[in-house]
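Trainee: Could we go through this model together, with the helix packing and the buried residues as our topics?

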Amino acid sequence: MSAPYVIAASMLGCAFGWLLVPWASDVLLCRVRDRADAWWVESLEAYRAFKRDHPEDEPSSSASGTEGAVGIWRDEAFAAGLAGSLTEERLQALAAAGFKVGGLEAAGTADERRRRYSFEPRPRSRMLCAAALGTAFAVVATIVPGVPAAAMLGICASAMAVSVVCDLRARVIPLEACGLVAVAGTAFQLLACGPAGTAAGLGTALVVAAGSALANRLLGARCPGGAVGRGDVRCMGALSLATGAGALCGFAACYTLAGLAALAGCAVGKLKLGDGMPMAPFLSAWLACGAAVGAAWA
C-alpha cells in the first residue's frame, strides 16, 4: 500500500482512539452496569423467595427453571465475594436474605462501583488510546489488501480497544463490543479470505464454546463463578470468526502472553496463583496475530 494511504489510516485511527474509544467505553460501561443492576435486583428477590420456601437449601445452578437461574446468580455472587468485588451494600443485602457471607469481602461502596463503571479519560488516557489505535490502523492498511477488508478489520480493532478499556476499568467485556467484532470480523474473512476462512473461523468458535463449557463444568466446584467468564467466551468466539484460519495462532499468542504475564505478576508479588486477570489486552493480541496469519495465508 502507498505511504499516503497508510498515513491517512493511521491518522483516522488516532482520531478514533482520541474521541470514539473513550466515549464508547463510557456508554457501554454504563449499559453493562444498568443491565447487571437490574439482574441483581430481580435475582436477589428470587433468592429471597427460594430461601423462604427452602430455608436449609441453596439453589442449584444445574437445576431447571427459576431455581437454575437463581443458582447461577448465587454462584456468581459467591465468586464475586471471594474475589472481593461485591459492594458493602450488596454484601449486607445477601446476609439479610440468608446468604452465608462468611469469608466474603466487600470492595467499596455503591458510589465507588458507579464510578468504576464509567470512563472519564484524562489526556494521557486519550493519548494511549490514540497511539494504540493509530498504530493498529497503520498495520491493517499495510497488510490487508483492499479498503473494504481493511475497514472491517479496523472496526474489529476499534471494538477491541473499547473492550480493553472496559476490562481494565470494571473487569467486563461488553456484549456489544463482542457482537461488533463478530459481525465485522465475519465480513473481513469473507472479503479477505473467502468462504474457507469464514468456515475455519466458525469451526474454531464452536470448539472454543464447547471447550469453555466443559472447563466451567469440570472446574465448577473450584471456580464457582466459572473458570472462563461469559465475556471472555463471547470475545473468543467473536475473535475466532474474525481471524478464521489464523484463529489457532491467535489463541496461542493470547494465552502465551497471558501465562507470561501471570508468571511475572507472581514473581514480583502482584498476583497469587488462582487470581484472575483482565483478559482483553491479551485477547487483542489474538486479533493482531490471528488476522496477520490469516491475511498472509490468503
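This is a predicted model: local features need pLDDT of at least 70, side-chain atom pairs count only at pLDDT 80 or more; totals for chains, interfaces and linings use all residues.

Mentor: Residues are numbered from 1 along each chain as its sequence is written, and side-chain values use heavy atoms, with hydrogens and water left out.

Trainee: At what angle do helix 1 and helix 3 cross, and are they roughly parallel or roughly antiparallel?

Mentor: Helices here are DSSP runs (H or I, at least four residues) numbered from the N terminus, and axes are lines fitted to C-alpha atoms over the stretch in contact, with angles from 0 to 180 degrees between N-to-C directions. The axes of helix 1 (residues 3-53) and helix 3 (residues 88-96) come within 11 Å and cross at roughly 15 degrees. Angles under 35 degrees count as roughly parallel, over 145 as roughly antiparallel, 65 to 115 as roughly perpendicular and the rest as oblique. Helix 1 and helix 3 are therefore roughly parallel.

Trainee: Which residues of helix 3 does helix 1 meet?

Mentor: Contact means heavy atoms within 4.5 Å. On the side of helix 1 the residues are Ala36, Asp37, Trp40 and Leu44, and their partners in helix 3 are Arg90, Ala93 and Leu94.

Trainee: How are helix 1 and helix 2 placed, roughly parallel or roughly perpendicular?

Mentor: The axes of helix 1 and helix 2 (residues 65-82) are 10 Å apart, and the two helices pack at an angle of about 110 degrees. It follows from this angle that helix 1 and helix 2 are roughly perpendicular.

Trainee: Which residues of helix 2 make the contact with helix 1?

Mentor: Helix 1 contributes Trp39, Trp40, Ser43, Leu44, Ala46, Tyr47 and Phe50 to this contact. By class, where Ala, Val, Leu, Ile, Met, Phe, Trp, Tyr, Cys and Pro count as nonpolar, Asp, Glu, Lys and Arg as charged, and the others, Gly among them, as polar, the contact has 9 nonpolar, 1 polar and 3 charged residues. The residues from helix 2 are Glu67, Val70, Trp73, Arg74, Glu76 and Ala77.

Trainee: Is Arg113 buried or exposed?

Mentor: Arg113 is found in helix 4 (residues 110-116), and it touches Arg33, Ala36, Asp37, Thr87 and Arg90, leaving aside residues up to four places away in sequence. Buried means under 20% relative accessible area, exposed over 50%, and partly exposed in between (1.4 Å probe, protein chains only). Because its relative accessibility is 9%, Arg113 counts as buried.

Trainee: How are helix 6 and helix 7 oriented, roughly parallel or roughly antiparallel?

Mentor: The axes of helix 6 and helix 7 come within 8 Å and cross at roughly 160 degrees. By class, their contact has 16 nonpolar, 2 polar and no charged residues. The angle therefore makes helix 6 and helix 7 roughly antiparallel.

Trainee: Is Ser163 buried or exposed?

Mentor: Ser163 has its place in helix 6 and is one of the residues through which helix 6 meets helix 7. Not counting residues up to four places away in sequence, Ser163 touches Val172, Ile173, Ala177 and Ala280. Because its relative accessibility is 1%, Ser163 counts as buried.

Trainee: What is the relative accessible area of Arg171?

Mentor: Arg171 lies in the loop between helix 6 and helix 7, and its phi is near 60 degrees, a positive value in a residue other than glycine. Arg171 is partly exposed, with a relative accessible area of 47%.

Trainee: How far apart in space are Ala209 and Gly237?

Mentor: Ala209 has its place in helix 8 (residues 194-218) and is partly exposed, with a relative accessible area of 38%. Ala209 and Gly237 are 28 residues apart in sequence, and their C-alpha to C-alpha distance is 6.8 Å.
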